[in-house]
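Please view the sequence and the structure first, and then read the points grouped by topic.

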Amino acid sequence: MKSTGVIRRIDELGRIVIPKEIRRHLGIREGENLEIFTEENQIILKKYSKMLEYGDLSSKLCEIVPSTMDLGLIITDRDKVVSFSTNITLELQHNEIDNYLLSYIQSRESYESKSGEKILIGHHEIEGYFYVQPIISSIDCLGLIILLKDRSFLKEEKQFAKFLSQMIANKIDIS
């Protein structure tokens, strides 16, 4: 475990402030949830991702989509890849998304690439056509649906990305 050398006092309500540098380094923003664990005499805080709770749903979608449509599929949370389809030959699981993709989470806008554009996931550069659709629940933008293919997208494929996004968001909102 890495030591930061920072010491904080617990206030009368049991609260402690996580230093700004640590929050920035870990990508923890105001209002975000943290999981709290204990291990022996340690308290462990971990970023919480609702998308990871639905990993089975994401994995199943990533299995079904390429077998029924000529599309690659990547599903992310706010930080990293949760699932990706089997027709993508790279190992993307748990790879972090770059600031370029993060901007679509923050803006809550979909995006269609032009020919030859590249996205960076972890250390993997993916080139081709991609369509990015944010997964927006009733409370927040939880991640992205990214469709990949070797030609431009049809209107129906873009609608399909919106459908997947809404289906995941509704599943999370209901739970």
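Asp77 is buried, with a relative accessible area of 2%, where buried means under 20% relative accessible area, exposed over 50% and partly exposed in between (1.4 Å probe, protein chains only). This is a predicted model, in which local features need pLDDT of at least 70 and side-chain atom pairs count only at pLDDT 80 or more, while totals for chains, interfaces and linings use all residues. Residues are numbered from 1 along each chain as its sequence is written, and side-chain values use heavy atoms, with hydrogens and water left out.

**Salt bridges**
- Asp77 meets the side chain of Lys80 in a salt bridge (3.5 Å, N to O), a term for a side-chain nitrogen of Lys or Arg within 4 Å of a carboxyl oxygen of Asp or Glu.
- Lys80 is partly exposed at 22% relative accessibility.
- Arg151 forms a salt bridge with Glu157, their closest N and O atoms being 3.7 Å apart; Glu157 is buried at 7%, whereas Arg151 is partly exposed at 35%.
- By this rule the count comes to 9 salt bridges, and a network of them links Arg78, Arg108 and Asp140.

**A buried residue without a salt bridge**
- Glu117 is buried yet has no salt bridge, and the nearest side chain of opposite charge, that of Lys114, is 5.5 Å away, with Lys and Arg counted as positive, Asp and Glu as negative, and His and the chain ends not counted.
- The side chain of Glu117 does reach the backbone nitrogen of Lys114 at 2.7 Å.

Technical notes: Polar contact = N/O pair within 3.5 Å; in protein donor to acceptor, adjacent residues only side chain to side chain.
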